[in-house]
Amino acid sequence: MLKIGVLVSGRGSNLQAIIDSIEAGKVKASIEIVISDNPKAYAIERCKKHNIPYEVVERKNFKSKREFEEKIASILKERGVELVVLAGFMRILSENFLKHFPNKVINIHPSLIPAFQGLNAQKQALEFGVKFSGCTVHIVDESVDGGPVIVQAVVPVLPEDTEETLSERILRWEHKILPQTVQWFAEDRIRIKGRKVIVEGARYGELPVNPALEIFK
């Protein structure tokens, strides 16, 4: 059973997707701790509902970013966390934090990176006029949404789309590819060589998700 820690800042819909997948027996992992940098995050209510331990760690309570990150890392390590999942965590993690969990921090981003990194990715996609967008789960490095790609899902961008409608279409796939990635880690199938990430035994070459989903049919 893979022990995971989830970092959140907001409503926590991707956290809920992981919770639901674990409770349905699709993902062989346990959420050991959820850490929020926002005491008002709705994700905390989700933790309460599902009896998941959580802590609030606010940046303003620390003199430096390093101290803030060291506190988070210490909590995760105390809980025996093996994989750190960023699910709407609105802070860039430094090399100092990442060295505690080498290649074991993942993030979900609502674009096909390297396109539209950073904030408001859906708005960026609409303003650029692309015909396809999507979402990406990637290994976290010191860049902004630029780490090695594990899996991506593609969605069409429609002429009448707003930021809200495109976001919702993308979110439906976020809720599948993030739990799926956690399961791949649980099965020890992730292999990383430089920027190239391969999921051993996965099926490649199909759309809309590459590599193909396995626990969602």
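In this predicted model, Gly134 stands opposite Val154 in strand 7. That position belongs to the antiparallel pairing of strand 6 with strand 7 (residues 149-156), which runs over seven bridges.

**Strand 6 and its partners**
- Strand 6 (residues 132-139) is mostly covered, with seven of its eight residues buried.
- Strand 6 also pairs in the antiparallel sense with strand 5 (residues 105-109), here over four bridges, and within this pairing Val137 of strand 6 is the bridge partner of Ile108.

**Nonpolar cores**
- The largest nonpolar core has 46 residues, and Ile4, Ile106 and Ile150 are those with the most contacts inside it; helix 6 (residues 163-186) gives the most to this core, with seven residues.
- A second, separate core of 19 residues includes Ala73, Leu86, Phe89 and Val105.
- Leaving aside neighbours within four places in sequence, Ile150 is in contact with residues including Ile106, Val137, Ile139, Trp184, Phe185 and Pro211.

**Salt bridges**
- The structure holds nine salt bridges, one of which joins Glu187 to Arg189 with the closest N and O atoms 2.7 Å apart; salt bridges that share partners join Glu187, Arg189 and Glu214 into one network.
- Arg189 counts as buried at 15% relative accessibility, whereas Glu187 counts as partly exposed at 35%.
- Glu45 forms a salt bridge with Lys48, the closest N and O atoms being 3.5 Å apart, and both residues lie in helix 2 (residues 43-49), three residues apart, or about one turn of the helix.
- The side chains of Glu58 and Lys60 meet in a salt bridge at 3.8 Å, N to O, and Lys60 is exposed, with a relative accessible area of 67%.

Methods. Residues numbered from 1 in each chain as written. Predicted model: local features only at pLDDT ≥ 70, side-chain atom pairs only at ≥ 80, totals over all residues. Heavy atoms only, no water. Buried < 20%, exposed > 50% of the residue type's maximum accessible area, 1.4 Å probe, protein only. Helix = DSSP H or I, 4+ residues; strand = E, 2+ residues; numbered from the N terminus. Pairing = 2+ DSSP bridges. Core = buried A, V, L, I, M, F, W, Y, C linked by side-chain atoms within 4.5 Å. Contact = heavy atoms within 4.5 Å. Salt bridge = Lys/Arg side-chain N within 4 Å of Asp/Glu carboxyl O.
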